[in-house]
Amino acid sequence: MNDLAREMESWPDRIDKAMVHCGAHLRDYIIISQIASTQDIARKLNVPAGTVIIAGAQTAGRGRFGRSWSGDPSQGVYVSIVLPWKNAPRLAIASAVGVVSALQMINQGNATFGIKWPNDVLAQEKGNNTSWRKLSGVLVEQFNDCAIIGIGINVLHRTWPEELAERAVSLLQLGIQVERIAVIEQLLPAIDAAITLNCVQLTRRFNTVDIMTGRVCNFVSAGENYKGEIMSIDPQRGLHVRLDGDKESRWFAAESTTLQVPSAK
Ligand code: BTN
């Protein structure tokens, strides 16, 4: 038996137990040892709504705007969840809120987690005033009448490809030593609970982990570069910004907008 198979031996039992705490939306799961992308297999298998696909290794994961989700393929958490919903922006934020809740459960006091709207979970080492680095990403795609939520979390990575070295971080690099299955155990109930929140509850919870509001930020929306002060972020409406030089503020939609990573604060 190879290392991956050995590591994954306990996953069915432990995920069975975690699923007991997922009453509302997550109903069933499929574990796959190695796959190109959990998003693609969810489409290919045409799994029913409520199904979670969990991979031990993912070799060709993808992110927003066709980017790749890189890093050692068997050191992260790779999950896709099929849900009978259409509101992608709100689902992406609810999922990111769920990821932060799960991470807060396993935090050993070493890190602070926050959401870079709309779908990135960043981490900062506590007390070090280091820059924010990306720990997790959420991708929501539509498929037939369903949304497929893809979640990647960096857990055991020790090194990164050169282009990511400054921007990416894993739990291990933050000093949090945890098995991947322990992250999955926290993640599934946390996502189930977060997507159950109503608009008011979601906005309130999001506001506690939003690290962008109040900052002056460079961003790209629909291919155009902008700079402005982020006045507020609303899970439904998007990003509310006063652009440099403008008196009026404007809203930008989550589907077409990417914010620059904030500097240390
Ligand atoms: C992003 O940051 O742009 C989103 C990254 C999403 C990566 C996850 S890993 C599991 C799922 N399968 C994929 O191919 N992508 C998502």
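A222 comes out at 63% relative accessibility, so it counts as exposed (over 50% relative accessible area; buried is under 20%, partly exposed in between, with a 1.4 Å probe and protein chains only). A222 has a positive phi of about 50° although it isn't a glycine, and it sits in the loop between β8 (216-221) and β9 (224-234). Helices (H or I, at least four residues) and strands (E, at least two) are DSSP runs, numbered from the N terminus.

This is a predicted model, where local features need pLDDT of at least 70, side-chain atom pairs count only at pLDDT 80 or more, and totals for chains, interfaces and linings use all residues. Residues are numbered from 1 along each chain as its sequence is written, and side-chain values use heavy atoms, leaving out hydrogens and water.

## Two other loops

N46, in the loop between α3 (38-45) and β2, has a positive phi too, near 50°. Over in the loop between β4 and β5 there's P118, joined to W117 by a cis peptide bond with omega about 5°.

## The sheet

Seven strands make an open, mixed sheet, ordered β1-β2-β3-β7-β6-β5-β4 (strands pair if DSSP finds at least two bridges between them). β1 (28-35) and β4 (111-116) are the edges with a single partner strand each, so one side of each has no neighbour in the sheet. β1 runs parallel to β2 (residues 51-58) over 7 bridges, with D28 opposite T51.

## Helix α4

α4 is mostly covered, with 15 of its 19 residues buried.
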